[in-house]
Amino acid sequence: MQPELREALVRQYAGGEITWHELRERGFDNYVQVLAGLGEFGLRPPIAPMEGPNLAARERGRAIIREALRARP
Amino acid sequence: MTGPFSLIVTDTSPLFTLVLAGSFDVLLRPGIAVSIPDAVYIEVTRVHGAPGAEQIVEWINAHLEAVRIVPTEIGIDQQRRLEEGRSIRRLGEQAAIETLERFLRSDPAAEALLLFEDSAVGKRRAVVDQRVSLISTGDFLRELETAGMIQSTDHILDLAAAQGRNVERRREANEDSTTRERLREQLHRNRDGD
């Protein structure tokens, strides 16, 4: 893969424009390569904003983790 | 939560992120059983040169009471494809779906939490069953941060990226040295043949 294309894809991923699966389709073999690209360009893995088609299921998931953490001794 | 409950890992990315950041133990902080589909496990441990593989094996063995590798039919297909040199893309996700279906079938009161990579969770609708909830790596870390169990989500993600870069550098250096060694051997053979 051309370095310019690789950088562009990694930046798009960090910005939440494309998914890890799309990176795979474009030639990234594993997620370590993605993390390596992010590290190289001073970026970090994206965190999905709380919106979109799975919002309710994600809110349930966060509540479950919150409750589980609270219940821990 | 009244019935059995499991956190199912749907992809390699949360595992690589946490293991490279040296934060694998955070997966167990909520005290929820963790299920890793066999296809995800195989995919994450077969990356050549990644330190994550050995660490993941050690970590699972140290927490067998809380973590299990789930055998699936997709996993069998994955083995076959690997032997035949065919693509195994998306099999981890399919194995996670199979794992989820088996788990929900096992008990009408069973509930599951699917751990997704962040870029995937925001894009397409993943769940219709009310017994299934979702969490992304970022959501998970943020809840831990809010609970005061980790210092910073961003710090863990930065560590993973920095360590990923180190791993790739080492892998590239090893590949260079292997290539040089092969070239040297080739030159020796040619010279001996003259």
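Chain B has eight helices and five strands; helices (H or I, at least four residues) and strands (E, at least two) are DSSP runs, numbered from the N terminus. This is a predicted model, in which local features need pLDDT of at least 70, side-chain atom pairs count only at pLDDT 80 or more, and totals for chains, interfaces and linings use all residues. Residues are numbered from 1 along each chain as its sequence is written, while chains are lettered from A and ligands numbered from 1 in the order in which they are written.

**Stop 1: the whole of chain B**

Select chain B and follow the chain from the N terminus: the elements run β-α-β-α-α-β-α-α-β-α-β-α-α. The C-alpha trace spans about 80 × 40 × 35 Å along its principal axes. Of the 194 residues in chain B, 42% are buried. A residue is buried if 20 or more other C-beta atoms lie within 10 Å of its own, exposed if 12 or fewer, and partly exposed in between, with C-beta atoms placed from the backbone.

**Stop 2: the sheet**

Next, select the five strands of chain B. They form an open sheet in the order E3-E2-E1-E4-E5, with parallel pairing. Two strands pair if DSSP finds at least two bridges between them. Strands of a sheet pair through backbone hydrogen bonds, either parallel or antiparallel. Which strands of chain B are at the edges? They are strand E3 (67–70) and E5, each of which pairs on one side only. From one strand to the next, the twist averages 30°.

**Stop 3: strand E5**

Zoom in on E5(B) and its partner, strand E4 (residues 111–116) of chain B; the two pair in the parallel sense over five bridges. Leu114(B) stands opposite Leu134(B) in E5(B), and Phe116(B) has Ser136(B) as its bridge partner. Are the residues of E5(B) buried or exposed? Five of its five residues are buried, and the strand is mostly covered. In a regular strand the side chains alternate between the two faces of the sheet. In E5(B), Val132(B), Leu134(B) and Ser136(B) point one way, and Ser133(B) and Ile135(B) point the other way.

**Stop 4: helix H1**

Now select residues 12–20 of chain B, helix H1. Nine of the nine residues of H1(B) are buried, so the helix is largely enclosed by the rest of the structure. Among them are Pro14(B), Phe16(B) and Val19(B). Just after H1(B), look at Gly22(B), which takes a positive phi of about 70°.

**Stop 5: helix H2**

Move to helix H2 (residues 38–45) of chain B, which packs against helix H4 (residues 73–83) of chain B at an angle of about 35°, with their axes 8 Å apart. Axes are lines fitted to C-alpha atoms, for helices over the stretch in contact, and angles run from 0 to 180 degrees between N-to-C directions. H2(B) supplies Asp38(B), Ala39(B) and Ile42(B) to the contact, and H4(B) supplies Ile74(B), Gly75(B) and Gln78(B). Two residues are in contact if their C-beta atoms, placed from the backbone, lie within 7 Å. H2(B) also lies across strand E1 (5–9), E2 and E3 of chain B, running at about 75° to E2(B).

**Stop 6: helix H4**

From H5(B), the contact uses Leu91(B), Gln94(B), Ala95(B) and Glu98(B).

Which residues of H4(B) are buried? They are Ile74(B), Gly75(B) and Gln78(B). Seen down the axis of H4(B), these residues fall within an arc of 100°, so they line one face of the helix. The arc is that of the directions from the helix axis to the C-beta atoms. Their cover includes strand E2 (33–37), H2 and H5 of chain B. Turn to the face away from the buried side to find the exposed residues Arg80(B) and Glu83(B). After H4(B) comes Gly85(B), with a positive phi near 70°.

**Stop 7: the side facing chain A**

In the contact between the chains, 45 residues of chain B meet 36 residues of chain A. H8(B) gives the largest share of chain B's side, 10 residues.
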